[in-house]
Amino acid sequence: MILLLLQVITDYLRPEYWFGGQVLERTPAGLSIVYIIALGILIGFLVITFFDNFRRPKFLFELDLPREVKNRLTQTIANRSIRIWQCVFIILALTVFGFQVYWTYFAGDVNEQFQALAYKDLRNRRTTAANLRGWMLDRNGDLASALAYYKLDAKGEIVRSYSLEKEMAHFLGTERGTPGLERTLYQRTENPMPEAWEVLWKYRRPEPENKDVRVTIHRDLQAFIAQQLDGRNGAIVVLDPQTGDILASFSNPSYNLAQANDLDEYLKLEADKRNKPLLNRAMREFYVPGSTFKLFTMISAFRAGKQNLTFPSYAEGFKPTRGSIPIVDASQSRDGMNVSGACAGGCQEKDIRTAFKVSSNQYFAQLAIALGRERIRETAIALGILPVETPEEAVMSKFFPQVLNASTPAIANSIAPQQSTIVTGKDISLFDIGLEGIGQGYAGQMTPFQMALITAAAGNMEGKLMKPRIELDRQPEAFSQILTPQQAAVVREVMSTVTEEPGGTGTVIAGKLAGTGIRTGGKTGTAEKQVPLFDEKTGELKTEKRRRRNEAGDWEEYQVPIMVKRSDSWFISLAPIERPRFAIAVVVEGGGYGSRTAAPIAANVILKARELGLLGEQYRPRQAPKRPAPARRKSN
């Protein structure tokens, strides 16, 4: 330190320092350092004098005076006043310093508003503009399949480009709003030393190298699932149950990254409340899961040791309490449409295998009631669902980055899902618990990503829920132990009855995969949801007038949104069922019956995965050997 100070003094005495321009840069830096040191000395002096005041020697006249007299002495009053002001100053200084520490070191990881506005920080924009990011490669690592890369534009300038500008938009994110992978995978850590220190000592720390990054996304599969949702609103999520790899995830409507870079266009996207293109439906939109949630109820039964329970079905439906609305089944007709009011699979006692195959609402409502709110709550926590006490709390969930396997909190926050919720409070009725068992009522706050997680837990060979990961170089991590390996195998066998056995609600899958040798398991779902109605031409929210009495007792008119019922199509699936490599969740808004819309999409995804070799070489389609060309006859 002494040698460095001597070096600085020597530099100040050199003529070229004053006439070479260095004074313009180093003098402010030096003064900044002097100010910081002086401030530190001042604060230290105040702290020392504060504590030293308690140890000062007593004056002679203080030794014999009564305490009441000493308290009235001017010196004592002055000392007490000084101590109070010292405490006030120290508290204020620590408060200001604490705010500085929070915004510098912690806000970027935990404060969502700070993350969304960080792009406006000139320091971040300067750092981003001055450094080239690495290439973002898909899981194959081929340069030809890069997701984000650099190229020369028509003007010969280096520009950042994306191979899937629309298909990967929600993952990559923009330079505005909440950061995506583009702003977090290559994020530079701030130097804890002041910049003035580097200028003063003429030290420049080495610039970190922005290396290429491989993500778990498969580019061709990502592009394919985007095509499957062309012209439809909804989401598809594809996970690897054994490792937690996010193989593909797409939400439609989406947007183009180049379009979002323009401020005016970005504001238009943000103002589109009807289509909500900036919203990642796969991760952050809540849906009513319908019968696909029966997988959750079945997993909960296995965890509680109640998987062997049988329950009757009633022609008039199951009533949890006397006078309650009956919970009825939805039976399968010949054309695959659901007809409410009959007993699915017949009005006889059913076990869990048969009930899951025919999607019996009555059975799973009774099973949920038998399990009770505490068992449902415990299973929800294990699967990453937030159990809450009241319905009001259910709509106040936050992002859940803890479920992800990421190298930094910033990366986890950039793709964090909205945490799904379920009400398990003591005030809900048996009817409410029964509805939750079939994915209705207070279980209607599920994201497609959450349903993919539940599916993946059943598909893991060890019965574990693996933390989803987006960085390919991360070692797989388990979030929780859901089932024993033996229980998980039985759950998968039950799931296979839906798609592989006659009478299952998802046999359309087996039809589309016929001849491939791929056996699957799954669950269909159809769920109604109340949604606001928008004008088809203008995109404006439609409202209607209502009347109410105000505080004065007079009637007044007010506007409320017009709500309509939308029937969403669901399907969750595992493939191949012997050792699942894919856990798929598909939801199509307004798609109707799950067996008609979502299930065929899932089958197409599985066929594409087979074509790409993602299910294993034994399932890859074999090309027929080429026939040799016929030999030409020689002319005589």
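The model is predicted: local features need pLDDT of at least 70, side-chain atom pairs count only at pLDDT 80 or more, and totals for chains, interfaces and linings use all residues. Residues are numbered from 1 along each chain as its sequence is written, and side-chain values use heavy atoms, with hydrogens and water left out.

**Exercise 1. Salt bridges**

Solution: 
- Start with the rule. A salt bridge is a side-chain nitrogen of Lys or Arg within 4 Å of a carboxyl oxygen of Asp or Glu.
- Arg160 lies in strand 3 and Glu182 in helix 10 (residues 181-184), so the bridge ties together parts 22 residues apart in sequence. Helices (H or I, at least four residues) and strands (E, at least two) are DSSP runs, numbered from the N terminus.
- Arg160 and Glu182 are both buried. Buried means under 20% relative accessible area, exposed over 50%, and partly exposed in between (1.4 Å probe, protein chains only).
- Arg160 lies over the face of Tyr150, 4.8 Å from the ring centre. The rule here: NZ of Lys or CZ of Arg is within 6 Å of the ring centre and within 35 degrees of the ring normal.

**Exercise 2. Two more bridges**

Task: Take the bridges Arg469 with Asp245 and Lys268 with Glu265. Decide for each residue whether it is buried, partly exposed or exposed.

Solution: 
- The side chains of Arg469 and Asp245 meet at 2.2 Å, N to O.
- Arg469 is in the loop between strand 11 (464-466) and strand 12, and Asp245 in the loop between strand 5 and strand 6, so this bridge ties together parts 224 residues apart in sequence.
- Arg469 has a relative accessible area of 7%, so Arg469 is buried. Asp245 has 2%, so Asp245 is buried too.
- The side chains of Lys268 and Glu265 meet at 3.8 Å, N to O.
- Both lie in helix 14 (residues 263-271), 3 residues apart, about one turn of the helix.
- An α-helix has 3.6 residues a turn, so residues three or four places apart point the same way.
- Lys268 is exposed, at 55% relative accessible area. Glu265 is partly exposed, at 27%.

**Exercise 3. A buried charge**

Task: Which residue of opposite charge has the side chain nearest to Asp240?

Solution: 
- Asp240 sits in the loop between strand 5 (234-239) and strand 6 (246-252).
- Lys and Arg count as positive, Asp and Glu as negative; His and the chain ends are not counted.
- The nearest side chain of opposite charge is Arg581, 4.6 Å away.
- Asp240 is buried yet has no salt bridge.
- Leaving out residues up to four places away in sequence, Asp240 touches Asp245, Leu247 and Arg581. Contact means heavy atoms within 4.5 Å.

**Exercise 4. Ring pairs**

Task: Count the aromatic pairs, then classify Phe356 with Phe364.

Solution: 
- Rings of Phe, Tyr and Trp (its six-membered ring) pair if their centres lie within 6.5 Å; planes under 30 degrees apart count as stacked, over 60 as edge-to-face, and the rest as tilted.
- The count comes to 7 aromatic pairs.
- Phe356 and Phe364 are 6.1 Å apart, centre to centre, with 70° between the planes; the pair is edge-to-face.
- Phe356 is buried, at 0% relative accessible area. Phe364 is buried, at 0% as well.
- Ring pairs link Phe311, Phe356, Tyr363 and Phe364 into a cluster.

**Exercise 5. Helix 23**

Task: Check the length of helix 23, then list what covers its buried residues.

Solution: 
- Helix 23 (residues 485-500) has 16 residues.
- The expected span is 1.5 Å times one less than the number of residues.
- Helix 23 reaches 22 Å from its first C-alpha to its last, close to the 22 Å expected.
- Its buried residues include Ala488, Val491, Arg492 and Val494.
- Their cover includes helix 16 (294-304), helix 17 (352-358), helix 22 (448-459), helix 24 (508-512), strand 13 (521-532) and strand 16 (563-575).

**Exercise 6. Met168**

Task: Is Met168 buried or exposed?

Solution: 
- Met168 lies in the loop between strand 3 (158-162) and helix 9 (169-172).
- Its relative accessibility is 1%, so Met168 counts as buried.
- Beyond its neighbours within four places in sequence, Met168 is in contact with Leu147, Ile217 and Gln222.
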